[in-house]
Amino acid sequence: MQNKKIILLTVTALFTALVTVATMVIQIPIGKGYLHFGDSLIYLAACVLPAPCSLFAASVGAALADVFTGFAVYAPASFIIKALNALPFILMRIYLKRKGNDDKILSLQICLMLVPTTLVTLLGYYIADSIIAGQQVALVSAITSGWVQPAGSLIVFVILAIALDRVQFKNKIFKQIV
């Protein structure tokens, strides 16, 4: 039991670092922000880790990326928004687990969670931008480029999920430690 806790703590730290690095390494400027793939790993963490661990990886990983890349003003907002991004996936995973259908990362139900998580991102950063830069800037940013970030992360998440499902990551590997 103690060994499983240590492994889970280690995997949570690994996902936190992966979210941070995936947010920092590839940054394609779009509008006021940038496209990154950290959200893909947030979705993935929410599909495989227990809820508290995935919430930690999402919020701390994203906030650290903001601090390290010079967007520290957004760190408090990202901490909240990214935890909320993970929530739809966590809730769907709980539902699927109760139905006995939680052996894969990617399913139609999980794909549907990309809609509420995208809305959370758009609304969350609209509110953050309104506070930080003003409502006009926030509106322009949300309309012109706010949807690009979630769309890019969706594509990368689906590719990762398909690859990991092919090797039965969740069933063979991950269920051993959780």
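Predicted model: local features only at pLDDT ≥ 70, side-chain atom pairs only at ≥ 80, totals over all residues.
# Helices and their contacts: questions and answers

Visitor: Which residues of H3 are buried, and which residue just after H3 takes a positive phi?

Guide: A residue is buried under 20% relative accessible area, exposed over 50% and partly exposed in between (1.4 Å probe, protein chains only). In H3, the buried residues are Cys53, Ser54, Ala57, Ala58, Ser59, Val60, Gly61, Ala62, Ala63, Ala65 and Asp66. Just after H3, a positive phi of about 90° is taken by Gly70.

Visitor: How do the axes of H1 and H3 cross, and is the crossing left-handed or right-handed?

Guide: Axes are lines fitted to C-alpha atoms, for helices over the stretch in contact, with angles running from 0 to 180 degrees between N-to-C directions. The axes of H1 (residues 2-25) and H3 (residues 51-68) come within 8 Å and cross at roughly 35°. A crossing is left-handed if the near helix is turned anticlockwise from the far one by less than a right angle, and right-handed if clockwise. The crossing of H1 and H3 is right-handed.

Visitor: Which residues of H1 and H3 meet, and how many of the residues of this contact are nonpolar, polar and charged?

Guide: Contact means heavy atoms within 4.5 Å. On the H1 side, Leu8, Thr12, Phe15, Thr16, Val19, Thr20, Thr23 and Met24 meet residues of H3 including Cys53, Phe56, Ala57, Val60, Gly61, Leu64 and Phe68. The residues of this contact divide into 13 nonpolar (Ala, Val, Leu, Ile, Met, Phe, Trp, Tyr, Cys and Pro), five polar (the others, Gly among them), and no charged (Asp, Glu, Lys and Arg).

Visitor: Why does Thr12 count as buried, and which residues is it in contact with?

Guide: Thr12 is part of helix H1. Thr12 counts as buried because its relative accessibility is 6%. Leaving aside neighbours within four places in sequence, Thr12 is in contact with Leu49, Cys53, Phe56 and Ala57.

Visitor: How far apart in space are Thr16 and Ala45?

Guide: Thr16 is also found in H1, and its 7% relative accessibility makes Thr16 count as buried. Not counting residues up to four places away in sequence, Thr16 touches Phe56, Ala57, Val60 and Gly61. In sequence, Thr16 and Ala45 are 29 residues apart, whereas in space, C-alpha to C-alpha, they are separated by 8.9 Å.

Visitor: Where does the kink in H4 lie?

Guide: Helix H4 (residues 75-98) has 24 residues and reaches 35 Å from its first C-alpha to its last, close to the 34 Å expected. The bend at a residue is the angle between axes fitted to the seven residues ending there and the seven starting there. A kink of about 25° lies shortly before the proline Pro88, at Leu87.

Visitor: Is Ser78 buried or exposed, and which residues does it touch?

Guide: Ser78 belongs to helix H4. With a relative accessibility of 2%, Ser78 counts as buried. Residues up to four places away in sequence not being counted, Ser78 touches Ala62, Ala63, Asp66, Ala83 and Tyr125.

Visitor: Which residues is Ala46 in contact with?

Guide: Ala46 lies in helix H2 (residues 38-48) and is buried, since its relative accessible area is 1%. Its C-alpha atom is separated by 9.6 Å from that of Ile105, 59 residues apart along the chain. Apart from neighbours within four places in sequence, Ala46 is in contact with Ser54, Ala86, Phe89, Ile90 and Arg93.

Visitor: What is the phi of Gln168?

Guide: Gln168 is placed in the loop between H8 and helix H9 (169-173), and at 39% relative accessibility it counts as partly exposed. Gln168 is a residue other than glycine, yet its phi is positive, near 55°.

Technical notes:
Residues numbered from 1 in each chain as written. Heavy atoms only, no water. Helix = DSSP H or I, 4+ residues; strand = E, 2+ residues; numbered from the N terminus. Expected span 1.5 Å × (residues − 1).
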